[in-house]
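Biologist: Before I use any labels for this protein, I would like to hear what each one rests on. Please take me through them one at a time.

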Amino acid sequence: MHRGNVTCSWEPGDSTTTSYTLQVQRTPRNGSPKTFTCTTPDTNCTVGLGRSTVTIIFCITITAHSGSRNISSLPRCQPGRTEVILPPAILNSVKAVHGSSQCLNVIWSRILSVFPVADSEIEDGKLNSQIEFTVQGQLDVQVRNVTVKGYRVLVCLFRPDTSYIVRLRHRYQGPASPWSPWSNALQGRTGEDAPSAAPVFWRQVKHTNRDGCRLITLLWKPLSHFLANGRVLFYNVTCWTENAQVLSDHGSCRDLQSSSTSCSLFLPAERCSCALTASTSAGTSPPARMLLPGASEIEPPSPGQIAARPLDDSRIEVSWTAPVKQPVSGFVVEWFAVREENSSILCWEKLNTSCTTLVITEGLKPMERYAVSVKVLYGEQDVGKNRTLQIYTRQGTPSAGPDVKVLRISGSSVELSWSAVPVELLRGFLRNYSLYYTTRNQPARSVFVPGHAHRYTLENLSPGNYDIFMRVNTDAGTGEAGTQAIVHISSEEISIFMYVVLPLMLTSLALVLMACLAQSKIV
């Protein structure tokens, strides 16, 4: 240590060595040498040198003692500054550099009385220096060599708009000298830059009018911080027709804030193009472009096959095959929750040609039905027909049943109808219905009704009051009961049928038979 002690360590001698003597000879520039020693049975020892400076030449020798034999190492002679451990530097500030988003200005200082390197030596590059930095909140530490010729160091090793924790250390001239301890740590943030990539862009055709005018929803993914190089302030959408006429009706695609990920506008029936850019305080991203074919154009083919399987409650694996002998440039997978009462959000992922499998994780929940479709991208922008299937991550039993209504009571028969249970309440694929009817003094009875049916007639009911209700059956089991219908079958209705309606029907049948026989020559 500067103006302190000399501590030396060494490899042990042979097994007969009993002790060692460390000898340090100090030779000033204008004076006679002075020797300091210490003896120890260990392999290290410290010699106090008083207020010696590092400019003095020191010669260090180790002598091993083994009985009557003494064996000395070759002397190690050099200026003290080569051996000294410099004290840690003092970091004063770490600041962004205007116009250089990958750079930080690191300003440091030292206390001359304990840091034995002159300003002139620092300016001449006599210091070896390293910077240690890590992204704030992360564990990955990086160390790089830097050139220090003053107390202000320009370091250009960083990513834009990122906070770093920085430390600095020095050593004198080269590898023969030990590194100083690291300085105190300071935090600094680089400046923003323009986004380095365009947002991932997609579209959805909501509906088409009779004249071919289409309501289009434009969709995009927020840029990751790695690509945005700063905080996105706003997005900008521009659309134009095939003859380069810029469309003035922006719909909801005007004044798009940083939180926006979609907007809608009407496009004419002809072929159109749209461009999307993202802007930070430092500039604008490259444009993402989207071509929308004319309303009357025929869509290219869909994927050959599509399959999906649930992996767990929140993941679905989708796979497909690309069309054969087609210039495929990518794929788009879309999925959304199938609902009747509320509209659901369309989720999507754009993939390159090497991907024919995707594990969907965004927004999935058990017991909710999802429509999953795959579209093929052709050439630069053309989009093929979609191929769609519906799937659950996990099915459950329905949370509601159909509300049964009585259409007509005729003698011992009851005609019933019901409406389909909303898909949100089914929580699984409907396989069939269980229709229950109970009356006093009789065991409860039920029948299975096909899942596509909306009417059913119960026949041959005995007189009495009936409670009639239905349950839905999915792959997971039977669901809750729907609203009951109460039906009264009276004995009078059955008697009227048996004694009035039935004889009239039989008499009519006999008269028809007689009329037919009267026409026969045999009679």
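Biologist: Why does glutamate 297 count as partly exposed?

Modeller: Buried means under 20% relative accessible area, exposed over 50%, and partly exposed in between, with a 1.4 Å probe and protein chains only. Glutamate 297 has 34% relative accessibility, so it counts as partly exposed. This is a predicted model, in which local features need pLDDT of at least 70, side-chain atom pairs count only at pLDDT 80 or more, and totals for chains, interfaces and linings use all residues. Residues are numbered from 1 along each chain as its sequence is written, and side-chain values use heavy atoms, with hydrogens and water left out.

Biologist: What makes arginine 271 and glutamate 297 a salt bridge?

Modeller: A salt bridge is a side-chain nitrogen of Lys or Arg within 4 Å of a carboxyl oxygen of Asp or Glu. The closest N and O atoms of arginine 271 and glutamate 297 are 2.6 Å apart, so the pair meets that definition. In general, side chains of opposite charge can pair when their charged atoms come close.

Biologist: Where in the chain are arginine 271 and glutamate 297?

Modeller: Arginine 271 is in the loop between strand 19 and strand 20. Glutamate 297 is in the loop between strand 22 (288-292) and strand 23 (306-312), and the two residues are 26 residues apart. Strands (E, at least two residues) and helices (H or I, at least four) are DSSP runs, numbered from the N terminus.

Biologist: What links Arg271, Glu297 and Asp382?

Modeller: They are linked in a network of salt bridges. The side chains of aspartate 382 and arginine 271 also meet in a salt bridge, at 4.0 Å from N to O. Aspartate 382 lies in strand 29 (residues 382-383), so this pair ties together parts that are 111 residues apart in sequence. Arginine 271 is partly exposed because its relative accessible area is 21%, and aspartate 382 is partly exposed at 28%.

Biologist: How many salt bridges does a search of the whole structure find?

Modeller: The search finds 15. One of the salt bridges joins lysine 375 and glutamate 334, whose closest N and O atoms are 3.8 Å apart. Lysine 375 is in strand 28 (residues 370-378) and glutamate 334 in strand 25 (residues 328-337), 41 residues apart. Both lysine 375 and glutamate 334 are buried.

Biologist: How do you know that cysteine 59 and cysteine 77 form a disulfide?

Modeller: A disulfide is a pair of cysteine sulfur atoms within 2.5 Å. The sulfur atoms of cysteine 59 and cysteine 77 are 2.0 Å apart, so they form a disulfide. Cysteine 59 is in strand 5 (residues 57-66) and cysteine 77 in strand 7 (residues 76-79), 18 residues apart.

Biologist: Why is the disulfide of cysteine 59 and cysteine 77 called right-handed?

Modeller: The torsion about its S-S bond is about 120°, so the disulfide is right-handed.

Biologist: Are cysteine 59 and cysteine 77 buried or partly exposed?

Modeller: Cysteine 59 has 16% relative accessibility, so it counts as buried. Cysteine 77 has 41%, so it counts as partly exposed.

Biologist: How many disulfides are found in the whole structure?

Modeller: Five are found. Among them is the pair of cysteine 253 and cysteine 263, with sulfur atoms 1.9 Å apart. Cysteine 253 lies in the loop between strand 17 and strand 18 (256-257) and cysteine 263 in strand 19 (residues 262-267), so the pair ties together parts that are 10 residues apart in sequence.

Biologist: What makes Ile90, Ile111 and Val114 a nonpolar patch?

Modeller: Patches are made of residues with over 30% relative accessible area and no salt bridge; like charges are joined within 9 Å, and nonpolar side chains (Val, Leu, Ile, Met, Phe, Trp, Tyr) within 5 Å. Together the three residues have about 230 Å² of accessible area on the surface. Accessible areas come from the Shrake-Rupley method with a 1.4 Å probe, and for residues only the protein chains shown count as cover.
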